[in-house]
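Here are my notes for you, written as numbered points. Keep the viewer open while you go through them.

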Amino acid sequence: MKHTPIKAALQCRDFGSTLTVAGWVRTRRDSKAGLSFVELNDGSSTRNLQIVAPKELPNYQSQVQKLYPGCAITVTGSLVESPAAGQAVELHAREVTLLGECDPMKYPLSKGRISFERLREVAHLRPRTNTFGCVARVRNCLAMATHRFFQERGFYYFNAPIFTASDCEGAGEMFQVTTLDLNNPPKNPETGKVDFQQDFFGKAVNLTVSGQLEAETHACALGSVYTFGPTFRAEKSNTTRHLSEFWMIEPEIAFADLQDDADVAEDYLRALFTAVVQECPEELDFFDQRIEKGLKERLVRLSTAKFARITYDEAIQLLEKNADAFEFKPYWGADLQSEHERHLAEKVFNGPVTVMNYPKEIKAFYMRQNDDGKTVAAMDVLLPEVGEIIGGSQREERLDLLEARIRELGMEPENYWWYLDLRRFGSVPHSGFGLGFERMVRFCTGMANIRDVIPFPRAPREIEF
Ligand code: 4AD
Ligand code: MG
């Protein structure tokens, strides 16, 4: 079947032409003149196409007058210049076909405005609302802009595994994967601990928290690569910024130091803002009016923004000047809290900030150690409103230093033998970063809760679908 997307039909000015459209009814109004007006939406736009259905249609009484919100129909008719205000065109129906009926007493979206909390309980239907339709389209735009950005710069798309036996971030936030009987797991008679040798993969396995370690193998062979896939973290943080399953984009670049890394990160962010501004004007207008005033202007400004670059030392000095304003006192050695990150981006720099060279104690084992013996070549990119959007670093390419750091942290170098091999055989300086995709979608839509920018959010005690 050939039908015209409603977004295209609304832009068409070929009056008198015959079109077929398909979608879901938003509302129906019957007029005394023996006509019905049906607002039809197919998810291509926030705007509906008005269908004018005359009583002469053979199924007028039996079906058209029983079209309720949610009913699926196709309509063939002629495109007419609309006399009504607020719409340029309408479709005068010659044929209305009911594809799927929808009981108004049972359909969860029958009633007007519904809270986002309630919509989360019907996450399978919420993409039919204007808000979630817009979120889905912005998400699509950001995903495609990601591929375009990296492809145009010669990065190869790399698929990291989901099951893994190594912990990238070392933060102990991994979901275990097992086929062992949890009520009666086999035990090692000597240690009394669970014997993972009898498990499916013959060792303890978890869902990946990051594809970085694996991406490094390909960067150290192909030059520049990027992942774009799901990652999993069993953090108990029940916040509007954390998900247990989220998508991450992780570029990894060979022959690149920390400054090169920050250059790519900042260019990438500007490219994403530019893409949404250019490709999603209707969605941004919607979010600007309904969700967050000033959103559109902020994204336009960011699409060409210069990023401030400061060191962690400088960040702490700036924060200490304002120590009274924070719940958590900033001091050298402490990780930056969300309130600190936002203060830097919103109050101090009024724009994005890249913070570099964090204390090694608060960062992961693989980061390159700086000559001061205290810090590592890490960088976080901070945005207003959300705080950390990107975390990255130059990787430790010196075998002896990396091995020593792994030991120092009580980890076993043997478990990282293949990762260390990259430092044994033709080691090169290399760098990369990770962007939390949902944090970006949230930022570009103004949605308050990260659960509302991923189709089916996974968070502690939340996995209905
Ligand atoms: O800073 P993170 O933990 O860095 C890494 O995982 C590195 N391996 C990346 C790399 O260098 N290749 O995570 C990267 C980003 C964060 O800046 C944040 O935007 C996002 O991932 N993120 C989350 N997003 C949603 N829910 C969570 N629980 C997140 N944890 C991190
Ligand atoms: Mg981080």
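This is a predicted model: local features need pLDDT of at least 70, side-chain atom pairs count only at pLDDT 80 or more; totals for chains, interfaces and linings use all residues.

1. Which residues come nearest to ligand 1? There are 25 residues around the ligand, and the nearest of them are Glu-169, Gln-212, Arg-233, Glu-250 and Glu-388.

2. Now zoom in on some polar atoms. Glu-250 turns up again here: one of its polar side-chain atoms sits 2.7 Å from a nitrogen atom of ligand 1. The side chain of Ser-210 also has an N or O atom 3.0 Å from a nitrogen atom of the ligand. With Ile-389 it's the backbone that takes part: a polar backbone atom there is 2.9 Å from an oxygen atom of ligand 1.

3. How much of ligand 1 does the protein cover? On its own the ligand has 630 Å² of accessible area, and the protein covers 94% of that.

4. Next, look at which elements build the shell. Those giving two or more residues are β11 (245–254), β15 (387–394) and β16 (430–436). The top contributor is β15, which gives five residues.

5. Let's move on to the helices, with α3 (residues 130–152) as our reference. Helix α3 packs with α12 (residues 437–445) at an angle of about 125°, and their axes are 10 Å apart. Because of that angle, α3 counts as oblique to α12. The crossing of α3 past α12 is right-handed.

6. Helix α3 packs with α6 at about 135°, with the axes 10 Å apart. That angle makes α3 oblique to α6. Is the crossing left-handed or right-handed? Helix α3 passes α6 in a left-handed crossing.

Definitions and conventions:
Residues are numbered from 1 along each chain as its sequence is written. Chains are lettered from A and ligands numbered from 1 in the order in which they are written. Side-chain values use heavy atoms; hydrogens and water are left out. A residue is near a molecule or strand if one of its heavy atoms lies within 4 Å of it. A polar contact is a pair of N or O atoms within 3.5 Å; within protein, one must be able to donate a hydrogen and the other to accept it, and residues adjacent in sequence count only if both atoms are side-chain atoms. Accessible areas come from the Shrake-Rupley method with a 1.4 Å probe; for residues, only the protein chains shown count as cover. Helices (H or I, at least four residues) and strands (E, at least two) are DSSP runs, numbered from the N terminus. Axes are lines fitted to C-alpha atoms, for helices over the stretch in contact, and angles run from 0 to 180 degrees between N-to-C directions. Angles under 35 degrees count as roughly parallel, over 145 as roughly antiparallel, 65 to 115 as roughly perpendicular and the rest as oblique. A crossing is left-handed if the near helix is turned anticlockwise from the far one by less than a right angle, and right-handed if clockwise.
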